[in-house]
Every structure is written in C-alpha cells, then in structure tokens.
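User: I would like to go through this model in short questions and answers. Please keep to what can be computed from the atoms or read from a record.

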Amino acid sequence: MGLSSSLVPVASALLLFCCFTAWNAAAAAASGGGGLRLNYYSESCPRAEEIVKEQVRRLYEEHGNTAVSWLRALFHDCTVKSCDASLLLETDAATGLVSEQASPRSFGMRNFKYVGAIKSALERECPGTVSCADILALATRDGAAMLGGPAAIPMRTGRRDATESQYGEVERYIPNHNDTVSAVLSRFAAMGLGAEAVVALLGAHSVGRVHCSNLVARLYPAVDAGMEPAYGAYLRGRCPTADAREDTRDVAYARNDRATPMVLDNMYHKNLLKGRGLLLVDQRLASDPRTAPFVRRMAADNGYFGETFAAALVRMSENGPLTGGQGEVRKDCRFVNAK
C-alpha cells in the first residue's frame with residue numbers, strides 16, 4: 001500500500017537514518033573510527049548537539065557565509081591526516097608551532113573566530129567536555145542544512161583534539177585547484193572515498209566563492225577552450241587582470257554559482273555540463289570517464305546528490321580521528337592546553 005504524501009518525508013528520513021546507521025558501523029571498522037558513536041555526549045553534555053545547532057543558526061543569521069566556511073574547514077582539517085581540529089591551532093611563537101592556516105593552500109579561509117563562539121557556549125554548559133574536532137564536524141553538518149543541503153545527517157562524535165599542527169603536510173595532502181582528476185581521486189581514496197563520493201563532495205563548490213588568483217590561469221592570455229565563452233567573458237569582468245594577488249583585505253573573486261550562490265544544491269553539476277566550472281579541477285570532472293557519469297546523474301537528480309553528499313561527508317568526517325586517550329579536549333580551540 002502506498003504512503004500518504006504527509007508520511008513520505010518521515011519515511012524517507014527514517015530510511016536515511018537506518019541506512020546511515022548500518023553504513024556507520026561498517027565504516028567505523030574500515031576507518032579506525034571505532035571510538036566514535038552517535039550521541040556520544042548524551043550523558044556528559046546532553047545539550048551539546050542542540051547548543052551547536054543553536055549557535056550555527058545564530059551565526060548563519062548574522063553572517064551567512066559562516067555556513068560555507070564550516071564546509072571548507074572540515075575538508076581541510078580531515079584531509080590532512082586526521083579529523084582532529086589541528087587546523088584550528090594558531091601560530092605560537094613561544095612553542096614554535098606554525099598554524100596550518102598559514103599555508104598557501106589555506107588562502108582565503110576565514111571565520112575561524114566563530115568556532116570560538118560555539119566553543120564558549122559549550123564551555124558554559126559543560127566545561128572541558130566537547131572537543132573542537134566534534135564542534136567542527138557538527139557545525140559542518142548543521143551549516144550544510146542551513147544552506148539547503150541534507151537536513152538529517154547522523155554525525156557520530158567522540159573525536160579528540162590534536163596537540164600539534166600539521167603545517168608541513170598541508171601542501172602534500174590538500175589537492176590543488178589545477179590538479180588532474182587522477183590526483184584528486186587518489187587523495188580522496190586515501191580516506192576511503194570513491195569517484196562518486198568525490199563528485200558529490202566537490203558539489204560543495206556550489207556555494208561560496210573563488211578568488212581570482214585561482215582563476216586567472218583559465219582566463220588569460222586566452223579563455224580556456226573548455227569554458228563556455230559567455231561565462232569566460234563574465235569571469236574576465238570579475239577578474240579583469242591576470243595579475244590577481246592574494247590580498248585578503250581587498251581580494252577579487254567570483255561566485256561559484258550565480259544562480260543559487262548560497263544554496264547547497266546540484267547547480268554545480270549542471271554548470272559543469274555547460275562548461276561553467278570555475279576551477280580547472282571542477283571542469284575536468286565532467287569529461288573524465290571515471291567521474292562524468294556521476295556528474296550527469298547528480299545534475300539530473302538533486303535528491304541523489306544530497307544523499308550521496310551526506311554519506312560522503314560522514315565518511316570524510318571520520319578520517320583517522322583521535323579517540324579514547326589520544327589527544328585532548330582543548331579548552332580554547334586556538335591553543336593546546338597548558339600542561
């Protein structure tokens with residue numbers, strides 16, 4: 001017997017939860033994330049996830065781009081060896097620690113200070129309990145929902161925070177915007193993510209913006225042959241010179257998606273099929289035989305994109321986490337705890 005229209009969303013959510021629960025159990029064994037579980041803070045800080053959601057919503061209403069920042073921050077944190085909030089550590093001359101934020105690959109990242117706002121709210125409720133790594137994972141989940149993405153992602157928690165920066169490893173782990181599809185697939189494969197997941201996760205490029213310094217090689221001296229001519233002309237208007245400098249005080253940029261720039265949807269994939277990919281690595285997904293079928297399918301089905309994105313986000317968030325007695329729970333996400 002068919003479901004009534006009013007019950008379809010409920011049934012879909014339950015099915016998604018059941019699928020994720022089974023998938024999480026298998027992924028835990030494969031990723032070494034066995035110390036993570038749903039509702040990790042149910043006893044030690046019962047309102048933890050609710051507080052994160054409240055703060056993410058408040059910050060989104062005040063600074064909409066924070067929701068985009070969480071997505072990029074989680075990707076950078078998890079891709080460099082482990083989802084351990086090492087990205088959030090600030091440079092400390094006294095200890096010789098150099099922040100991962102200082103790497104050229106981190107150019108343009110911002111809103112780290114708002115992680116501190118979430119942390120402060122949690123510290124008032126449950127001092128020394130909720131890790132910065134979990135805050136970043138939960139904020140990304142809730143931020144994606146605020147942007148119109150998947151609304152019921154079962155994110156497991158129990159991560160611990162790193163006590164050292166991986167500054168020296170960032171260049172090796174974070175893909176370059178001009179990388180080949182093979183290089184990108186290899187990097188994600190190291191986290192247990194296949195081509196389908198890569199095409200979904202790069203769909204996060206449907207929100208936010210790209211700095212002209214990362215675009216001009218496709219625009220000058222001539223517009224890349226793989227780019228739609230009219231789109232190339234528009235981008236030249238946004239980035240009028242090949243001499244685009246990485247100056248965050250007055251940086252030139254172009255929106256990833258002109259149609260729905262602050263909605264996490266499949267417009268990214270639709271744009272790729274029209275030759276409107278901003279970054280070279282984005283556009284290459286539409287022509288590589290390993291990824292092109294997924295680009296076409298996600299462009300045609302936003303629901304499929306959302307489901308695949310949600311599963312891939314969870315898998316990425318569980319890349320080599322510190323758990324149990326590893327690491328620490330930082331009191332201030334910017335600094336290692338004083339001994």
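User: Which element gives the largest share of the lining of the largest pocket?

Analyst: This is a predicted model, in which local features need pLDDT of at least 70 and side-chain atom pairs count only at pLDDT 80 or more, while totals for chains, interfaces and linings use all residues. Residues are numbered from 1 along each chain as its sequence is written, and side-chain values use heavy atoms, with hydrogens and water left out. On a 1 Å grid over the protein atoms alone, a pocket is an open set of points with protein on both sides within 12 Å along at least five of seven lines, a cavity is a set where a 1.4 Å probe fits but cannot get out, and lining residues have an atom within 4 Å of a point. With helices (H or I, at least four residues) and strands (E, at least two) taken as DSSP runs numbered from the N terminus, the largest share, 8 residues, comes from H3.

User: How do the residues of the pocket lining divide into nonpolar, polar and charged?

Analyst: Ala, Val, Leu, Ile, Met, Phe, Trp, Tyr, Cys and Pro count as nonpolar, Asp, Glu, Lys and Arg as charged, and the others, Gly among them, as polar. The elements that give two or more residues to this lining are H3, helix H7 (181-189), S1 and H13. The lining divides into 26 nonpolar, 12 polar and 6 charged residues.

User: Which residue does the UniProt annotation "active site" cover, and is that residue buried or exposed?

Analyst: The annotation comes from an unreviewed UniProt entry and covers His 76; such annotations may be inferred rather than shown by experiment. His 76 lies in helix H3 (residues 66-79). Buried means under 20% relative accessible area, exposed over 50% and partly exposed in between (1.4 Å probe, protein chains only). At 5% relative accessible area, His 76 is buried.

User: Leaving aside neighbours within four places in sequence, which residues is His 76 in contact with?

Analyst: Contact means heavy atoms within 4.5 Å. With neighbours within four places in sequence left out, the contacts of His 76 are Leu 87, Arg 105, Ser 106, Met 109 and Ile 174.

User: Which residues line the largest cavity?

Analyst: The structure holds 1 cavity of 30 Å³ or more, and the largest cavity has a volume of about 50 Å³. H10 gives the largest share of the lining, 3 residues. By class there are 3 nonpolar, 4 polar and 2 charged residues. The lining consists of His 205, Asn 256, Tyr 268, Asn 271, Leu 272, Arg 276, Gly 277, Leu 278 and Asp 282.

User: Arg 276 also takes part in a salt bridge; which residue is the partner?

Analyst: A salt bridge is a side-chain nitrogen of Lys or Arg within 4 Å of a carboxyl oxygen of Asp or Glu. The N to O distance is 2.9 Å, and the partner is Glu 228.

User: How many positions apart in sequence are the parts that Glu 49 and Arg 141 tie together?

Analyst: Glu 49 forms a salt bridge with Arg 141, with 3.1 Å between the closest N and O atoms. Glu 49 lies in helix H2 (residues 48-62) and Arg 141 in helix H5 (residues 132-146), so the pair ties together parts whose separation in sequence is 92 residues.

User: Are Glu 318 and Arg 156 buried or exposed?

Analyst: These two residues form a salt bridge, their closest N and O atoms being 2.9 Å apart. Glu 318 has a relative accessible area of 0% and Arg 156 one of 7%. Under the 20% cut-off, Glu 318 is buried, and Arg 156 is also buried.

User: How many salt bridges does the count come to?

Analyst: Some salt bridges are linked in a network, one of which joins Arg 47, Glu 50, Glu 54 and Glu 125. By the rule for salt bridges, the count comes to 15.

Definitions and conventions: Points joined across faces, edges and corners; volume = space filled by probe spheres on them.
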